[in-house]
Amino acid sequence: MSFSSLGLSTSLVQAAHANGLVEPTPVQLQAVALILQGRDLWACAQTGSGKTAAYALPLLDRICNTPSPRKQQGTRVLVLVPTRELALQVGEVLSNLANKLPTPIRTAVLYGGVSINPQMMRLRGGADIVVATPGRLLDLVRSNALRLGDVQHLVLDEADRLLDPGFADELQAVLALVPSMRQTLLFSATFAPAVQTLAQSLLRDPVRVEISTEQQALPDIAQRAIAVDTKRRTQLLKHLVQQHGWSRVLVFVATQYAAEHIAEKLYKAGIFASPFHGGLSQGARNQVLQEFKDERWQVVVTTDLAARGIDIAQLPAVVNYDLPRSAVDYVHRIGRTGRAGEQGVAVSFVTADAQAHFRLISKRYQLDLPLEVIAGFEPTEQPAPASQTTGGIKGKRPSKKDKLRAAAQAAAATANNEAD
Ligand code: AMP
């Protein structure tokens with residue numbers, strides 16, 4: 001099946017080919033024609049499955065080939081994303097496709113953490129397509145740099161993240177600014193049960209696109225779990241990097257402090273490692289990510305800021321130095337490797353205290369992984385007794401659900417602080 005058989009016009013098919021997209025991926029096969037027909041979508045497809053082009057191609061087609069309803073046309077496509085890095089990445093995909101089209105299409109990428117003035121200047125000439133994180137988008141609307149009254153197509157990329165409570169107020173504010181008569185497209189690898197009702201309320205007669213695991217080539221990710229003592233994790237990480245000769249590794253930790261601290265320790269041990277987190281300036285964030293993509297860093301130690309959507313070609317390994325607080329982030333984190341048909345390995349360090357949490361993640365995703373022990377790193381720690389974590393007050397012990405809820409809220413708060 002080719003892109004032209006999905007109903008895309010010749011110029012879009014040519015733009016796809018010019019960008020190396022020849023055969024549609026399963027999510028593109030299902031979504032493109034429906035988007036061209038103007039349907040609302042709720043699309044659940046794995047990370048790395050070609051989601052961006054699945055909405056970028058038909059939406060570019062629609063704005064190229066559907067006459068504007070008004071002479072003075074404002075922004076017609078609004079793509080919301082939860083992180084600045086994803087805004088840049090999606091903006092790049094859209095611009096690369098738009099640049100190959102005969103019709104000039106103006107795109108603007110708006111995100112926080114950098115000066116607002118260049119973005120205001122960029123908007124002066126108007127923008128057909130805006131890709132934005134919600135906070136900066138609202139700042140620009142409040143400054144009268146942008147109006148959203150002409151938006152015809154709204155995309156929520158990494159939708160379940162945008163629908164969680166951390167973004168609730170900003171999302172509601174954006175929804176109040178866009179017309180209610182619009183096409184709405186939700187894309188995510190996961191849709192947590194808690195956000196499904198809200199997601200449903202945004203859509204009109206949606207088609208649910210669910211790419212089954214039989215249809216999509218499962219990413220080739222070998223998952224491993226290694227039991228290790230808390231204090232030996234950095235040594236074990238160093239050992240694994242050297243033993244496997246991984247050219248690049250993305251290491252996930254729980255805090256910005258840990259990202260700094262561990263990167264520094266690795267660097268001092270002769271491994272080119274850099275931290276990447278929301279506490280860095282946006283310029284530094286962009287630089288580290290670009291340098292990692294350019295293979296100038298061997299290891300990047302990051303918070304969940306890098307868990308979603310970031311596309312790094314040929315990333316052979318991901319390490320969960322700390323397990324993710326929210327179970328869905330396990331899927332997003334490991335999805336950074338094994339992209340576009342490549343092989344990858346995802347290693348989780350499981351300390352004694354994290355064993356219960358790892359069992360929850362394993363149960364949720366039916367992982368069934370043996371807990372490996374590496375020679376020279378045999379664990380000696382015992383899990384802390386429950387009384388140490390609860391203060392030992394009878395009847396006050398949080399349930400598993402309470403713990404998961406608290407963890408999800410903490411993760412949402414952290415990630416949101418890092419978005420914009
Ligand atoms: P995404 O899920 O949008 O992050 O895309 C993941 C990767 O798949 C990106 O590197 C895309 O360039 C690549 N990709 C998307 N669509 C296709 C396609 N039809 N053929 C080959 N590669 C693709």
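Two strands pair if DSSP finds at least two bridges between them, and strands themselves (E, at least two residues) and helices (H or I, at least four residues) are DSSP runs, numbered from the N terminus. With that in hand, here is a sheet to start from: seven strands form an open sheet in the order β10-β11-β9-β12-β13-β8-β14, with parallel pairing. This is a predicted model, in which local features need pLDDT of at least 70 and side-chain atom pairs count only at pLDDT 80 or more, while totals for chains, interfaces and linings use all residues. Residues are numbered from 1 along each chain as its sequence is written, and side-chain values use heavy atoms, with hydrogens and water left out.

**The seven-stranded sheet**

- Strands β10 and β11 run parallel and are joined by four bridges.
- Across from serine 274 you will find valine 300 in β11.

- Six of the six residues of strand β6 (residues 183-188) are buried, so the strand is largely enclosed by the rest of the structure; buried means under 20% relative accessible area, exposed over 50%, and partly exposed in between (1.4 Å probe, protein chains only).
- Both faces of β6 are covered, with Gln183, Leu185 and Phe187 buried on one side and Thr184, Leu186 and Ser188 buried on the other.
- Strand β1 (residues 41-44) pairs with β6 in the parallel sense over four bridges, and cysteine 44 stands opposite serine 188 in β6.
- Strand β5 (residues 153-157) also pairs with β6 in the parallel sense, over five bridges, and histidine 153 stands opposite glutamine 183 in β6.

**Salt bridges**

- There are 15 salt bridges in the structure, each being a side-chain nitrogen of Lys or Arg within 4 Å of a carboxyl oxygen of Asp or Glu.
- Arginine 308 and aspartate 160 meet in one of them, at 2.7 Å from N to O. The two are in distant parts of the chain, 148 residues apart: arginine 308 in the loop between β11 (299-302) and β12 (317-320), and aspartate 160 in helix α7 (residues 159-162). Both residues are buried, and salt bridges with shared partners join Lys51, Glu158, Asp160, Arg308 and Asp329 into one network.
- Aspartate 128 and arginine 106 form another, with their closest N and O atoms 3.0 Å apart. This pair also links distant parts of the chain, 22 residues apart, from the loop between α5 (117-124) and β4 (129-132) to the loop between α4 (84-98) and β3 (107-110). Aspartate 128 is buried at 12% relative accessibility, whereas arginine 106 is partly exposed at 30%.
- Aspartate 139 and arginine 142 form a salt bridge with closest N and O atoms 3.3 Å apart, and both lie in helix α6 (residues 134-142), three residues apart, about one turn of the helix. Aspartate 139 is partly exposed at 34%, and arginine 142 is exposed at 61%.

**The ligand site**

- The residues around the ligand include Phe3, Leu21, Lys51, Asp311 and Arg339, where being near it takes a heavy atom within 4 Å.
- A backbone N or O atom of glutamate 23 lies 2.8 Å from a ligand nitrogen atom.
- A polar side-chain atom of glutamine 28 lies 2.8 Å from a nitrogen atom of the ligand.
- A backbone N or O atom of glycine 50 lies 2.8 Å from an oxygen atom of the ligand.

Note on methods: Polar contact = N/O pair within 3.5 Å; in protein donor to acceptor, adjacent residues only side chain to side chain.
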